[in-house]
Amino acid sequence: MSIRGPRKGENYELSVDLNSEYREKRKDAIKRVIASMTVGKDVSGLFPDVLKNMQTDDLEQKKLVYLYLMNYAKTQPELVILAVNTFVKDSDDPNPLVRALAIRTMGCLRAEKIIDYLCDPLQKALRDENPYVRKTAALCVAKLYDLKPELVMENGFLEQLHDMISDSNPMVVANTVAALTDIHIAATSSEPSTSSIDNSSTVFHITTAILNKLLVALNECSEWGRVAILNALARYTAADDKESEHICERVVPQFQHINGSVVLAAVKVVMIHLRNVKREDLGKQLIRKMAPPLVTLLSSPPEVQWVALRNINLLLQKRPELLSSEIRVFFCKYNDPLYVKVEKLDIMVRLANDKNVDALLSELKEYASEVDVDFVRKSVKAIGQTAVKIDEAAEKCVNVLLELIATRVSYVVQEAIVVMKDIFRKYPSTYEGVIPTLCANLDELDEPEAKASLIWIIGEYANKIDNADELLTLFVDTFTEESYPVQLQTLTAVVKLFLKKPDSSQAIVQQVLNTATKDCDSPDVRDRAYIYWRLLSMDPAAAKSVVLSHRPPISIPRTTVAPAVLEELIGEIGSLASVYHKPAETFIGKGRLSADAIQRKVGPGEDDESQLSTQKALQTVVAGQQSENLLDFGDEPSTEGGGLSGLAATQTMLAQPAAANLIAGTSSNPLDDLVSIFGNVSMQPMSATPSAAPGGAFGGFDFGQAPTSAAPQAVDAFAGLSATPAAPPQQQQQKPQEDLLGLF
Amino acid sequence: MGIDGLIILDNAGRSIIQSGFRSTTPAYPLLQIDAVNTALAAASRPTDVDPVIQVQHPSNSDIPSACCHVACGDLRILCPISGNVDPLVGFAFLQTFVDILQEYFGGVSLAIVKDNFDVVYQLLEETLDSVGHPLTTSHNALRDIVLPPSLFSKLLNAATANLAAIGGGTPIQGPPAGPFSSQIPWRKAGVKYASNEMYIDVNENLQAIVNKQGVPLTSSAYGKIEVACRLSGTPDCTLNFTNPQVMTDCSFHPCVRLQRWSRDKHMSFIPPDGHFVLAEYRYTPNTNSNSAITRFANPSSTAPSPKEVVPIPFAIKAKFEVEETTGTNGATGRAASFPGTLSATVMLMLTTRPIENVFVELNLGESAHAIKCVASRESGGLGRGLSALESGHAGSASASWSFDSRKKVLRWEIPNVPPSTHWSLQGSFAASTTPPRPSHALQVRFEIQSHTFSALKVDQLKITGEGYKPYKGVRGRSTGNVEWRW
């Protein structure tokens, strides 16, 4: 047989014991073999000895031998064949446990030689009188399909599986559904050219008859079975709204299941079929029933909470009324892990309304005094978002921010100033009284973003700040040492100052334009300086109308993803996609989507709405393109009208895969996704460059111009995803994309 | 597609046991382990690592995967998932598996897993299919397939070969009643007990945040009805409550007939054998009950109306002062330390029962050191209870404090707080380099025996379908986790 090791050492002793005449000694030896295997010692040499112990009445011993076989079948395929006889014999054993065990293990061995012997026992097992054997056999068919699809087709296992959906035992039904779904996924995801099998038969098409069987089995089987069935129900296309209603009503009781994954799967099914439900009252009722189980999930361990929170965040974007009265359950505790806190914060802002804003603000203020820098910053940011979201609360928010600035904790002050800039954008000329307080902290700022924000504020209100020129001089003097965003802002602010107070600032504007055009490394800064210079020298009136133009107000986008993507993600509630808030294609590397795929994805049902959003997103891209032609000013007035003329261009762009890619927020480069997963999904619309996003694309980031609607915001978020398109046709797309970013 | 497998790591991040992975490359589990270890090493606090870590396959980006992981005692259990799968399935499975280990071995730790690796392996085999579908996770069914390492099976092992050849049945298993022969998936057939018993534990956990003014911002009790069932045959139980309306947001074990519950609020079920969670619920007082809570809650604009919160059974007054040394901002302040004093008082508001095992924790911030505290009982109770309690419990319940210098957590422990007593902690500490930044919240954990916040009361437990008269017992127990800001 195999080469024997030396007649000493641990393996030799084991081998002796494995051949002992006492069964207890043999069993103990098997255990020791498994133990060695566990810690990574090579016991493959004992294969023949272990194999001898396979024929036994002791189930536990048999299991241990099987365990050993599974581990070494890959490395010793020629020896596994010796076990076949025992396997086949075991599949006829009177004990159903042994029968099932034999079938299951044979499926796991993944050895070509075993596979051929698997079919006959499997055939029998599928018709076994014992449900445990049947349900094990059902799953085995999926394994077999994975190894050798031909065998499944030849033996008619698929037809048999379809028959088994009518099985009397719900667990068998559930496992059959799981197996069919696996085969369905395997068959539809593999390339058609490489598969020799006709796909139509492997597709698990759920008919009305199957639907009813599934609905019956749903209430009877284990939690895992329920998840499998619910996932299958999610794929079903209802014939009409009556049927959708029926499905929803039957699935709703699953909300009360004790297992969170069942709840989430049920939520998914209801959200999908809710699209077709026409009765308003029923829709509302279903949404109302969804809230309690989601709240219950928040009393689970933090890991589960996090998954729940990510999904709740998504659901709220689609159904803002969900959980509207439950803001308090999202209050953060000091001991919550950071990832839970951050999600809760985001959801709290989402749930903010004029009734709960007081409680929310006092919470946020509390968080801002905590120790964790990241969390404190996010809390301050959330205060700003609340101010922008709720007009009535803006003043309170400003007061809270002032209190925080008074703490003089460096990062709090800096973040607060960034946030104040957004509030000034949203409510121009309302809170000028706080400007002196902000300017008092000028010396302490060391972060570019905070500096840039303050400079923007100074430039914007140059005519109201007496010593604006002095303050700006500070930055002009150190111009070349500052980072590019600060340089850009300084440039713009000085030009604004000049346009507002031409008499006193002639010198400083001259100085800054000189420095920017001569001593600056960044082409962006130089270009902008040249443009300003030319504008100012040729037509100051035009310069005024461009630089000091009226800016559209900013608002918090209701969604962090484009509506079309949101719709897709809602359909995948309780999946990785919904946790990462990105469509599956972006991190499951199936390559990029074609425009066709997007069209198909949009689907006939929700055509109008998502088509609209698609077009809107594209319009913005086009608008960005046009404004680029106009000259890329920081304060370029981008009107909605610009999009209208771009409609024609929209049509042509839709034909380009890259554009489609952009809309769906997909990326061909998975690495980008990894980098930006957490950076982009957080809601930081107007103020922040997502910190984790690839830096280069955001070089031209400018605070002067903020997104005007949700659609461009989506594009903003996606820019991080598709920053480095791989395919050549996308190269041309790159440019407008970056210009668009420059606008924001 | 689905759950790829399960890996159990020891606290050094080495794999102890892992299930058989179907994946084509043997490197796959190693990658998962590596990803988790890297993430753990990169994080400043292990609790801040994202619970789902995306793992990139080195050779084939078409295999997407992520790794769900949870810490469990001194172990960390990983559950790699691939495809577009719900991470919650991964976590639910992890939780289930930990529960199973708990049921089998009475605890989960490195030593236990190492001692029982053969059983753990068998459990892995039975609970998780290699294609990623969880199989049998019901404890009732599992016990038929995988023998728990009980004294009996040890005896069996030691006994002669003949005995073992019987097939290693459980003590009370009739030969025809094989596994999965039962019509009810969660209950095994042919259960027999000499004495039939059913115990119901109503456990409630209070989760609350209290603000500086002592007003609860959010406070709700999460209840769990746990049942230990040792009943023969196939009993049909009906559980009635006198006040079922206190239970909201209920979720149930699949054995509970939902229609019955929604119709007349009776929990009707055929119980699994052994220990299980029958139902979970949330309790938030509704508008028509509990006027007593107004005592605890001062009206305030930012607080919820007192009727929406569960009252906190105690009150804390905390004071924290830092002495302002001169030149805090200047260069001289750097070397100086910042002495601070703290004092806190706990008062029990409950008049009927003591609360036990009170732990008050405070994070004192990075540079805290030189902690000196005195934990004492202040003035005993007020009024009538004083003398009796003083004499009765004087020695037994003494408070103590400790300081975890690694986590910078000051912990104050009071084993027993009798009704209407005051306890105090007074002390000082010093912080170097920066002004001390202690957390603004005290974390309070406590237990109350024979008490539930909701006052949920079992009216009747009817058991039909079997001839015997079982022994029945109901018990309430409360725990709490309160964040008290100051």
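Tutor: A residue counts as buried under 20% relative accessible area, as exposed over 50%, and as partly exposed in between. Please keep in mind that this is a predicted model.

Student: What makes A:Glu403 partly exposed?

Tutor: The relative accessibility of A:Glu403 is 41%.

Student: Why is A:Lys365 given a class, and which one is it?

Tutor: A:Lys365 has a relative accessible area of 34%. This value also falls between the cut-offs of 20% and 50%, and therefore A:Lys365 is partly exposed.

Student: Why is the contact of A:Lys365 with A:Glu403 called a salt bridge?

Tutor: A salt bridge requires a side-chain nitrogen of Lys or Arg within 4 Å of a carboxyl oxygen of Asp or Glu. The closest N and O atoms of A:Lys365 and A:Glu403 are 2.7 Å apart, so the pair meets the criterion. A:Lys365 belongs to helix H21 and A:Glu403 to helix H23 of chain A, 38 residues apart.

Student: What makes B:Arg475 and B:Asp201 a salt bridge?

Tutor: Their side chains meet at 3.0 Å, N to O. The limit is 4 Å, so this pair qualifies.

Student: How are strands S7 and S22 of chain B joined?

Tutor: They run parallel, and 14 bridges join strand S7 (residues 197-210) to strand S22 (residues 471-485). Two strands pair if there are at least two bridges between them, so S7 and S22 count as paired. Within these strands, B:Asn205 stands opposite B:Thr479.

Student: To which sheet do S7 and S22 belong?

Tutor: They are part of an open sheet of 9 strands in chain B, with the order S10-S12-S8-S7-S22-S20-S15-S18-S17 and mixed pairing.

Student: What makes S10 and S17 edge strands?

Tutor: Strand S10 (248-252) and strand S17 (400-404) of chain B each pair on one side only.

Student: How do you know that A:Asp128 and A:Arg99 form a salt bridge?

Tutor: The distance from N to O is 2.8 Å. That is within 4 Å, so the term applies. Both A:Asp128 and A:Arg99 are buried.

Conventions: Residues numbered from 1 in each chain as written. Chains lettered and ligands numbered in written order. Predicted model: local features only at pLDDT ≥ 70, side-chain atom pairs only at ≥ 80, totals over all residues. Heavy atoms only, no water. Helix = DSSP H or I, 4+ residues; strand = E, 2+ residues; numbered from the N terminus. Buried < 20%, exposed > 50% of the residue type's maximum accessible area, 1.4 Å probe, protein only.
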